Amino acid sequence: MKRQESRIVVGYDGSDHSVAALEWAAAEAERRDRPLVVLHVLDYLGFIPSPMGPFGWPHVEDEQVARIANVGAERARKIADRVDVSPVTRVARVSDTLIEFSENAELLVVGTRGHGDLAGAVLGSIAFAVSAHAHCPVVVVRGQTALPGPDRPVVVGVDGSPISDEALRYGAAVAAAMAAPLIVVSAYRTLTSEAWAEGYIYLEAEGGSNFDTIARQSATEVAAASARIARETHPGLSITEQVVEGLPASVLAKATDQAGLLVVGSRGHGGFAGLMLGSVGHALIHSALCPVAIIHGTKGTTQTPKAAQGGQAKPSAVS
């Protein structure tokens, strides 16, 4: 029996967004050969009286509560027929429960938003809290949900921080396992005219160095250093470096067109002002064009994902 830490957990409430998350998680569980937990959480706050009116506890049978998780599990088994799929139901706070389950998971998967058939079974906005506080990597499924592959690169946002390096290693491992290209993206900001005026004395002291030039050089060095790390750990991996001026969230969102996965750190910053990446992950949950992996630390990032049998991943059922 595999340890609990090797399992993948997906939050499911029956909504379209959670169905996309379920199918992505099932395909990933099949690829990694990991058990899958289909977790349905009935949020009790939806039943608490409020200024909008008393709701009270509805008449909900155990079978009703478990039905959504069971339906999700059956759907997952059609995609991941070689792994153990377990439906689990809890009556609790959704975000707290997902974070709790992440303590003993290799990966946590959620949708961007959603709602179930039962009052209070809200999942959607939970993605924000979970991506910030989970104890393992989190994938928020949105946009084009096919898994990475030769025609669907893995994109990693880097800023030179330690958590950025963890995100890079995770993204490189996924790309290598899936025979997907790796795109390393480093964003930088140019200075406003007001900032130029304030920095004039500093520029004179530095011999007239251009702040924008320094920013681009710093971003270029970050991208190059990240690419070197990826090449050292995964020789032969196809790697492209992109250094782009602009807001990190906007730059990374544009880079996800046709991508299979975007990977970022949960927080972090480089050595040069303007290379901030951290909270960008939250913005990308709502703007990326593919699933977004949020990396929190070393847990779950050091294992090289197992390639699917035959060298090809079983494609996600989501189009």
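Colleague: Which residue of β2 does G11 stand opposite?

Modeller: The model is a predicted one. In it, β1 (8–11) and β2 (36–42) pair in the parallel sense over four bridges. Within β2, the residue that stands opposite G11 is L39.

Colleague: In what order do the ten strands form the open sheet?

Modeller: The pairing within this open sheet is mixed. Its edge strands, each pairing on one side only, are β3 (85–91) and β8 (239–245). From one strand to the next the twist averages 20°. The order of the ten strands is β3-β2-β1-β4-β5-β10-β9-β6-β7-β8.

Colleague: What angle does the direction of helix α1 make with that of β4?

Modeller: Helix α1, residues 16–32, packs on the sheet. The strands touched by α1 are β1, β2, β4 (107–111), β5 and β9. Its direction and that of β4 make an angle of about 155°.

Colleague: Which residue of β10 stands opposite V138?

Modeller: Strand β5, residues 138–141, pairs with β10 in the antiparallel sense, over three bridges. Strand β10 spans residues 292–295 and has both faces covered, with V292 and I294 buried on one side and A293 and I295 buried on the other. The residue of β10 opposite V138 is I294.

Colleague: Which residue of β10 stands opposite L262?

Modeller: Strand β9, residues 261–265, is joined to β10 by four bridges, and the two run parallel. The residue of β10 that L262 stands opposite is V292.
This residue lies on the side of β10 where the buried pair is V292 and I294.

Colleague: What is the bridge partner of V156 in β9?

Modeller: Strand β6, residues 154–157, and β9 run parallel. Three bridges join β6 to β9. The bridge partner of V156 in β9 is V263.

Colleague: How many charged residues has the contact of α5 with α8?

Modeller: The helix α5 passes α8 in a right-handed crossing. On the α5 side the contact involves D165, L168, R169 and A172, which meet S226, I229 and A230 of α8. By class there are four nonpolar residues and one polar, and the number of charged residues is two.

Colleague: Into what classes do the residues of the contact of α3 with α4 divide?

Modeller: Helix α3 (residues 94–102) packs with helix α4 (residues 126–133) at an angle of about 30°, the axes being 9 Å apart, and their crossing is right-handed. From α3, the residues V94, S95, L98 and I99 meet I126, A129, V130 and H133 from α4. The division is six nonpolar, two polar and no charged.

Conventions
Residues are numbered from 1 along each chain as its sequence is written. This is a predicted model: local features need pLDDT of at least 70, side-chain atom pairs count only at pLDDT 80 or more; totals for chains, interfaces and linings use all residues. Side-chain values use heavy atoms; hydrogens and water are left out. A crossing is left-handed if the near helix is turned anticlockwise from the far one by less than a right angle, and right-handed if clockwise. Contact means heavy atoms within 4.5 Å. Ala, Val, Leu, Ile, Met, Phe, Trp, Tyr, Cys and Pro count as nonpolar, Asp, Glu, Lys and Arg as charged, and the others, Gly among them, as polar. Buried means under 20% relative accessible area, exposed over 50%, partly exposed in between (1.4 Å probe, protein chains only). Two strands pair if DSSP finds at least two bridges between them. Axes are lines fitted to C-alpha atoms, for helices over the stretch in contact, and angles run from 0 to 180 degrees between N-to-C directions.
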